[in-house]
Amino acid sequence: MTDGTRPDAALSTASAPSGRHAVVIGGGLAGLTAALALADAGVRVTLLEGRPRLGGLAFSFRRGDLTVDNGQHVYLRCCTAYRWFLDRIGGAALAPLQDRLDVPVLDLDRPEGRRLGRLRRDALPVPLHLGRSLATYPHLSLTERARVGRAALALKALDPADPALDAQDFGSWLAAHGQSARAVEALWDLVGVATLNAVASDASLGLAAMVFKTGLLSDPGAADIGWARVPLGELHDRLARKALDSAGVRTEVRSRVTSVSTNENGGWSVQVPGERIDADAVVLAVPQREAYDLLPPGALDAPERLLDIGTAPILNVHVVYDRKVLTRPFVAALGTPVQWVFDRTEASGLKHGQYLALSQSVAQDEIDAPVAVLRERYLPELRRMLPTARDAEVLDFFVTRERTATFAPSPGVGRLRPGARTKAPGLYLAGAWTATGWPATMESAVRSGVGAADAALSALGRPRPSRLFAFEETASRPSPGDIPRPPGRRPDVTGASVRGGIR
């Protein structure tokens, strides 16, 4: 057709009601957020996603009778934007938070019976909320524990937004503040590798300071952990699509955008095979390399900087046993290649046995290893770690690989991350890799979508929907674990409003 529209599109550009129109390119968390926020403000929205599903890198797929997440994603109570997103799509109850932070840590270099330590908080103000846990943490010496406390206080005094911190690496800062190699392994990297996808020596001090200040040193409940008790596809695809439909968003999957350009009316034209879609605003919510390919000339002063933002892989190892071998929802490990292990039995739909997922960040050395090699490496480690696994039969073993799971949080990455606005009026950027101040987590992705929508609404002259920014209020609300409850009342495990990271 000469106008570029498809005759079967119920909400095509030609037949849709008049008014401001925005196109969001990319159906990951950033794009979903931007689309919902714009639609909530009364903007007509078209969401285009090249894959056959929504959710970006936080998705599910079928393997026989199992529903498998591509990787384990968790969030923290301080992830107020992602918590808003869960509320917005009606999924809060499906991804509850712990009442209080409690992380079991097994050190396989210690004798059996003396391997377990715990990182947990008390209902005390910062920094006393972690005092008892740190004082009794068996994986560090008394001297190391005292030095950790002093380093934490020094970290609390840093400003993560200071550009000078972005140029430094976290490992050097820790060494300068008396942290031993053991302390880095057993504490700082235990948290940092899972949230930053980098060891301390390879991570920006600015991003590391942001993670530890926000998660552990801002509010007693900030680091309480939440994760989906259902497949991620239930949240980020099915429920998200339902929310988009209810908001009036036209959602097109399997629609890969080939070009973005200005049109003769001063607006924007987005080209997909068989259709040209005209819009007043466009949000590019795609990975940085794809954004580089779609950006029109002059949109950024130095677009090549997007290509300088490195990427880091995450490997996920999936094991199905014929019986239960892990009695906890999850466990972290030291003295072994295994990092974090999660029980995904119920979420996957498995009826008999147990399904464990190992989340392995900083996986550059293993991301392309054959499955047989990974099986030989990880099954013996699980037998070392979980005594019941020694007599259990392995019913299935497979891996999922995300070679570009996150942007690399290397020193200097902050100056490469662009903001939501471009130099091209009406064109905006979103994605966990943009300048949110957060590492590559679900929280960063949602915040970027909010930022892009906010910038677009300002330019379009549309008021911001009040509920879009409700997540800013949740950060100051009390943590459920600190609120007295009447006897017999079920704890509000979802928190006040209810996960790149482990993401």
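**Exercise 1.** Find which strands each supply at least two residues of the lining of the largest cavity.

*Solution.* Start with the strands (DSSP E runs of at least two residues, numbered from the N terminus): strand 14 (311-321) and strand 17 (354-360) are the ones to pick. Before going on, note that this is a predicted model, where local features need pLDDT of at least 70, side-chain atom pairs count only at pLDDT 80 or more, and totals for chains, interfaces and linings use all residues. Numbering runs from 1 along each chain as its sequence is written, and side-chain values use heavy atoms, with hydrogens and water left out.

Next, the lining itself: Asp69, Gly71, Gln72, Asn316, His318, Arg344, Tyr355 and Ala357. A cavity here is a set of points on a 1 Å grid over the protein atoms alone where a 1.4 Å probe fits but cannot get out, and lining residues have an atom within 4 Å of a point.

Last, the volume comes to about 40 Å³, counted as the space filled by probe spheres set on the points, with grid points joined across faces, edges and corners.

**Exercise 2.** Work out whether Val272 is buried or exposed, and what it touches.

*Solution.* Then check the area: at a relative accessible area of 3%, Val272 is buried (under 20%; exposed is over 50%, partly exposed in between, with a 1.4 Å probe and protein chains only). Now the contacts (heavy atoms within 4.5 Å): leaving out residues up to four places away in sequence, Val272 touches Leu48, Ser255, Arg256, Val257 and Thr258. Finally, Gly50 lies 222 residues away along the chain, yet its C-alpha atom is 9.7 Å from that of Val272.

Definitions and conventions
1 Å grid on protein atoms, 1.4 Å probe; cavity = no way out; pocket = protein on both sides within 12 Å on 5 of 7 lines; lining within 4 Å. Helix = DSSP H or I, 4+ residues; strand = E, 2+ residues; numbered from the N terminus.
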